[in-house]
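Reader: I would like a close look at a single part of this structure, namely the contact between the chains. Please describe how the two sides meet and what is built around that meeting.

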2 protein chains.
Amino acid sequence: MRIDIVAVGTELLLGQIADTNSAWLGEQLAAAGVDSHFHQAVGDNQARIVLALRTALARSDGVIVCGGLGPTPDDITRDAISEVMNVPLVRDPTIVEKIRYLFESRGRTMAENNARQADVPQGAATIPPAGTAPGLICAVGGKVVYALPGVPYEMSEMFTRAVLPDLRQRLGDQSARSTIASRVLRTWGTSESALAELLARRIEVLDAEPDNPTIAFLASGMEGIKVRITVKAPDTVTAAAMLAEEEAHVREVVGEAVFGVDAETMESVVGAGLAARGLTLGLAESITGGLVASRLVRVPGASTWLRGSIVAYSPEVKFSVLGVPDGPVVTESAAKAMAEGARRVLGADIGLALTGVAGPDPSEGRSPGTVIVALALPEHDCESIEVHLPGDRERVRQYATISALDLLRRRLIAGEIEVSQAC
Amino acid sequence: MRIDIVAVGTELLLGQIADTNSAWLGEQLAAAGVDSHFHQAVGDNQARIVLALRTALARSDGVIVCGGLGPTPDDITRDAISEVMNVPLVRDPTIVEKIRYLFESRGRTMAENNARQADVPQGAATIPPAGTAPGLICAVGGKVVYALPGVPYEMSEMFTRAVLPDLRQRLGDQSARSTIASRVLRTWGTSESALAELLARRIEVLDAEPDNPTIAFLASGMEGIKVRITVKAPDTVTAAAMLAEEEAHVREVVGEAVFGVDAETMESVVGAGLAARGLTLGLAESITGGLVASRLVRVPGASTWLRGSIVAYSPEVKFSVLGVPDGPVVTESAAKAMAEGARRVLGADIGLALTGVAGPDPSEGRSPGTVIVALALPEHDCESIEVHLPGDRERVRQYATISALDLLRRRLIAGEIEVSQAC
């Protein structure tokens, strides 16, 4: 079964909001084993909504249309559906009374506009509202159009309560009942083409059978490369087992470049690693200007393991606050002194420091993109790496941030770091 | 002129990422005076990409297709376009060499896969890449298909550099001696409805004549409300004069809520204000965790006026490094002590500090969203403001960042701050 999605609202076309409803619905449909091959967004214009609905119905078994069910004159999804169905809109007096009651129970008077929300294309069924706008289930020549409001919490509640059960019933009529599930392995430090080559043999094996899992790559810029495993199975238990098995295959090949799964981020993984070992972290940032700290504080509970960061953007701050010896600052020794300084000044178990050249001009004879990361661990010699990163100032900084966090992550999973009282 | 957008990627249909590219492109097209009536998202499937492109070409003058230009076998936008154009794909040896050089200059070897990115539909023009994937400009029966990578920063850079100028040229050919120009005034601190009320009388005056400038509001979340002025004029000189005149009208009504124009950002405006006055800035950040510093270092030349930031995420760091007196830290007096500490420790003319509660739980009896900003200026008493911000952790922090920068901006334009030797 295939369901298209049509999002209605000029604000989507103008980029004033991103279409998160379609993303959410796509995820729900996939989980229910319903294919969704095309999403469309269209403005508040009846002729164009009609065209979008007809296009969608021509290439699928049904449509979920979101938005345009409000009370104002530019809410015209109802009108467009009745045009597609070729039936008149009929005002339902029971719904008018319900909306009026809803207003009065809040001590307000219903504006006459709101009665428009009780207009129903002749022959359509209504979905009781989560807010004030009822939804619609409309039969169109053997196919189905579901209409839901654009307000995200109303849309999701009404989808789960009414659309999903209706879809399940229609699916039940069909022979193949299945679920689609996927898992994303997030990687850092290996290029997309190198990952594709590493996994080429495995993908060839999988491609031999149509019911096998599929593997796809998704370049996410600053966030590395995602490897997505998708399975189709008769039920969710089988799907979960297939995902786990395929994940093991991928991890065996790709190794510790996999830093997280699904919603995990580099910062959440580093934070969990520190929390599990009872370690605290102090940062010294020059080139990244606070970016490493600002990513880490996104993790709920960061205050238990993050002491803070000394953003030493000017060399004098490196000397006076962090105790870096006078001299050039884009060097291995300066980076190590910064990491040790961060540990000492911030009273942390681990010190992580970054220095480098964001560009566009060289500095101290080093070219833009040169970044040195130093890591001071308890009972280890301070270590450092030098990397050469591509792109403009902002990209160099973003890459430097994730490179530094990845270095710490790899040391944490290597299990070499223990809590220590002494520095 | 009407341009459809087609976003390619199964991850969009499965809801693994929201389609922010189409939103961004929609905004750019609107600003350029190009209509965009339909957006589509489609998976990594050649037959369906072809169908989406044909659907888009049938109802518009051209298409921007985003995504599917990578090196892996599921990147098939090139193949789909060549099918729509009914021409073969031809590998361009010059592009292969450029990609190979790009890899080798980073000390890596180009995987053979990457050569696929040099495949060009016969007769199409290429857009030099921002990353490794070149874009395409393809003529299809008097219409045009632009192909851009799905990685947001590559997409936006290549759109601005190559697609927009090409579109402008086509617009110029079409709209016979008329030019559309627009200017965006960026505001902070006034709600969209309040701005609309302030400007209601002016909009009424403008609406009376069809050739007058138009004013539109774009809510941009963390970045405030944009007021976009659009003019249509016989030539660019007249257009520029009309824009300048209308900007003066809007500024007269909206006042100092306007913080910048077009590409100016809150941080670039603050940086320019500091540089012009020869002042240096030191930060002390708790709730924002380095976000204020990381925004400021985006401004080229930041090293001349930004000393650094003490990210004092744990209370002990506030006490030991910044000299905040022991006690609660979400208070006006702690914020002021942080600002004075930042000036002193970082050796800066101005100290700016933020403390507060990001949530989800209250802290020190203060509710999530409570933020205190303190500003220590030369020869002034330290001042502070308390704000209550909506949203989750990340939104509270983003709003806190721009609120703090806006406070400093308003003091800088008030012209009260002079360079001082003494603190």
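Author: Two residues are taken to be in contact if their C-beta atoms, placed from the backbone, lie within 7 Å. In this predicted model, the contact takes in 67 residues of chain A and 68 residues of chain B. On the side of chain B that touches chain A, strand 14 (residues 306–312) of chain B gives the most, with seven residues. Sorted by class, that side of chain B holds 32 nonpolar, 23 polar and 13 charged residues.

Strand 14 of chain B pairs with strand 14 (residues 306–312) of chain A in the antiparallel sense, over five bridges. Within this pair, A:I310 has B:I310 as its bridge partner.

The pair belongs to an open sheet of ten strands with mixed pairing, ordered 17(A)-16(A)-15(A)-13(A)-14(A)-14(B)-13(B)-15(B)-16(B)-17(B). Strand 17 (383–388) of chain A and strand 17 (383–388) of chain B stand at the edges; each has a single partner strand, so one side of each is left without a neighbour in the sheet. From one strand to the next, the twist averages 15°.

Within chain B, strand 13 (residues 281–285) and strand 15 (residues 350–356) run parallel and are joined by five bridges. There, B:L281 has B:I350 of strand 15 as its bridge partner. Helix 13 (residues 393–413) of chain B packs on the sheet, where it touches strand 15, strand 16 (370–376) and strand 17 of chain B, and its direction makes about 30° with that of strand 16 of chain B. In chain A, helix 14 (residues 393–413) lies across strand 15 (350–356), strand 16 (370–376) and strand 17 of chain A, running at about 30° to strand 16 of chain A.

Note on methods
Residues numbered from 1 in each chain as written. Chains lettered and ligands numbered in written order. Predicted model: local features only at pLDDT ≥ 70, side-chain atom pairs only at ≥ 80, totals over all residues. Helix = DSSP H or I, 4+ residues; strand = E, 2+ residues; numbered from the N terminus. Nonpolar A, V, L, I, M, F, W, Y, C, P; charged D, E, K, R; others polar. Pairing = 2+ DSSP bridges. Axes fitted to C-alpha atoms, helices over the stretch in contact; angles between N-to-C directions.
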